[in-house]
Every structure is written in C-alpha cells, then in structure tokens.
Amino acid sequence: MNYPFEPKSTTHLKPGQFWAVCLPSGRYACGRILQLNASEIPSKSRMFFGGLHQWLGNQPPTSEDIAGSSLVAFGLMHIKAITTTGEGILGERPLEADLIELPLFLSAVKGPGTMLLRGAEAIRQATSDEWGTFPILSTWGYSFIVKLAEAKLERDA
C-alpha cells in the first residue's frame with residue numbers, strides 16, 4: 001500500500017490505518033480505523049468503526065508518534081471523516097502493537113432487540129441488567145472528530 005492515499009470507499013481501508021485530523025488551532029489529532037464490515041455498520045462501502053487517539057501534535061501523526069497511545073472516543077464514521085478533516089490515510093500500525101481492543105457498546109438504550117456489540121459487531125442480545133451499563137454506539141458527522149479532539153485534547157493541552 002502506498003501512503004498517503006485518499007479513500008473513495010472502504011475497499012482499501014484496513015484496521016490500524018490512521019489519518020491526521022487537522023484542528024482549527026493548526027495542531028493535529030489522529031483518527032484510527034478499527035473495524036470494517038461489522039453487522040451494525042449501515043453502509044459498509046462508505047462507513048467504518050473508528051476512534052480518536054489520545055495524541056496531539058504540531059505535525060501530522062506518524063506510526064511512531066501514536067505508538068502506545070490510547071483511544072479516547074469511538075464511533076461509526078463515513079469515509080468523508082477522513083477526507084474532510086485531513087489529508088487522507090497516512091499509514092498503518094497494527095492495533096495489536098498498541099494493545100488496542102474493541103470496546104463493548106449497546107445498539108440501543110434499552111428494550112427488546114438491544115444487542116451487545118464489540119465495536120460495531122453484534123455479539124449477542126443484551127440482557128436487561130446490561131442496559132445502561134455500556135455506552136450506546138454512535139454515528140459521527142463528518143467533522144465531529146474535530147470537535148471531539150478540541151474538547152478532549154486541546155482543552156487539556
């Protein structure tokens with residue numbers, strides 16, 4: 001794979017790939033692709049499950065920069081979250097190298113049919129005592145990752 005590249009669909013995306021999230025301050029955050037083609041991803045050719053790293057820099061991130069960096073937020077994203085907030089996919093770093101595991105979510109607040117998810121993949125139906133104990137899987141707008149980075153990373157910098 002040649003980097004950087006700007007995805008037109010999820011066809012050439014892989015878990016572990018990352019991109020720079022350009023912030024209004026001129027600094028950079030880092031988004032990461034975590035899961036593709038999972039059962040709860042509504043548009044598998046255009047959406048993926050991803051996250052925001054606990055990383056902030058003055059230059060776009062490199063594989064070395066994000067090594068060991070945890071993730072602070074997770075959500076379903078459209079590929080335009082990559083193309084409108086950064087300069088395309090910059091590289092790839094295996095998720096296992098950073099001990100990144102997909103978190104648990106619920107598919108809904110509560111009620112019959114609520115599923116327990118690992119990332120965006122349904123594991124099983126959630127029990128009523130699990131309702132409210134895990135976050136609800138959310139779908140992010142194209143530039144929501146920028147707002148999250150500003151709120152979660154820049155205010156603490």
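Trainee: How many aromatic pairs does the count come to?

Mentor: The count is 6 aromatic pairs. Rings of Phe, Tyr and Trp (its six-membered ring) pair if their centres lie within 6.5 Å; planes under 30 degrees apart are stacked, over 60 edge-to-face, the rest tilted.

Trainee: How are Y3 and F5 paired: stacked or tilted?

Mentor: Their centres are 6.0 Å apart and the planes sit at 35 degrees, so the pair is tilted. This is a predicted model: local features need pLDDT of at least 70, side-chain atom pairs count only at pLDDT 80 or more, and totals for chains, interfaces and linings use all residues. Residues are numbered from 1 along each chain as its sequence is written, and side-chain values use heavy atoms, without hydrogens or water.

Trainee: And F49 with F74: stacked or tilted?

Mentor: Centres 6.1 Å apart, planes at 5 degrees, so stacked. F49 is in strand β3 and F74 in strand β4, so the pair ties together parts 25 residues apart in sequence. Strands (E, at least two residues) and helices (H or I, at least four) are DSSP runs, numbered from the N terminus. Ring pairs also link F49, F74 and F105 into a cluster.

Trainee: Is F49 buried or exposed?

Mentor: Buried, at 0% relative accessible area. F74 is partly exposed at 22%. Buried means under 20%, exposed over 50%, partly exposed in between (1.4 Å probe, protein chains only).

Trainee: New topic. Which residues are buried in helix α3?

Mentor: In α3 (residues 144–154), they are I145, V146, L148, A149, L153 and E154. They fall within an arc of 165 degrees, so they line one face of the helix. The arc is taken over directions from the helix axis to the C-beta atoms.

Trainee: What covers the buried residues of α3?

Mentor: The cover includes β1 (17–22), β2 (28–35), β3 (47–53) and β4 (71–78). Contact there means heavy atoms within 4.5 Å.
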